[in-house]
Amino acid sequence: MRRTFIIALVIAVITAACSSTSDIAPEDVPPPPTPTTFEEVTALIETSGRPLMINVWASWCGPCRSEAPLIAAGSLAHPDVDFIGLDVRDNPSDASRFIAEFLSDADMTHLADKPGNIPVQLGATKGVPVTLFYRSNGEQAAVHLGIIDEPTLARLLDEIDR
């Protein structure tokens, strides 16, 4: 599993490094993340029945850009985990371009929280990036504040994907 994760990460980093938003054709830009509420997110957590990871990001966040290829690779290496990208305090068109540039290969659901209150309601902070991990029973397993590195992401995903 770890080898697959590393291979997927290398591919994602190379792809991200070789792309830029100016190279993205308009038809390749996905729709903006779906606006959501705290109640909808908690319902997803509680009813998923699968391990779940929420990565909170914003297109204007430099560290979010750095970790996005790692998150995308993690989503491909852990198909038994539901991945949610939660865009906060962002412009919808900028968020769409961020997804096209950094998360186009990711197997994840993209949601938006314009005011950025949901992470705080889930026990995190308003700062980005932040990554929250949930077991299949909906119990929160971990909250990682700031940019996440490969060993930490791999360990926490393995922990919830048992």
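Q: Is Asp 90 buried or exposed, and which side chain of opposite charge is nearest?
A: Buried means under 20% relative accessible area with a 1.4 Å probe, protein chains only. Asp 90 is buried and has no salt bridge, a term for a side-chain nitrogen of Lys or Arg within 4 Å of a carboxyl oxygen of Asp or Glu. The nearest side chain of opposite charge, Lys 114, is 6.7 Å away. This is a predicted model, in which local features need pLDDT of at least 70, side-chain atom pairs count only at pLDDT 80 or more, and totals for chains, interfaces and linings use all residues. Residues are numbered from 1 along each chain as its sequence is written, and side-chain values use heavy atoms, without hydrogens and water.

Q: Which backbone nitrogen lies 2.6 Å from a polar atom of the side chain of Asp 90?
A: That nitrogen belongs to Ser 59.

Q: Which residues does a disulfide join?
A: A disulfide is a pair of cysteine sulfur atoms within 2.5 Å. Here Cys 61 is joined to Cys 64, with an S to S distance of 2.4 Å. The torsion about their S-S bond is about 80 degrees, so the disulfide is right-handed. Cys 61 and Cys 64 are both buried.

Q: How many aromatic pairs are there?
A: Rings of Phe, Tyr and Trp (its six-membered ring) pair if their centres lie within 6.5 Å; planes under 30 degrees apart count as stacked, over 60 as edge-to-face and the rest as tilted. The count is two. The rings of Trp 57 and Phe 98 are stacked, because their centres are 4.2 Å apart and their planes at 15 degrees. The rings of Phe 98 and Phe 102, with centres 5.0 Å apart and planes at 45 degrees, are therefore tilted. Trp 57, Phe 98 and Phe 102 form one aromatic cluster.

Technical notes: Buried < 20%, exposed > 50% of the residue type's maximum accessible area, 1.4 Å probe, protein only. Lys, Arg positive; Asp, Glu negative; His and termini not counted. Polar contact = N/O pair within 3.5 Å; in protein donor to acceptor, adjacent residues only side chain to side chain.
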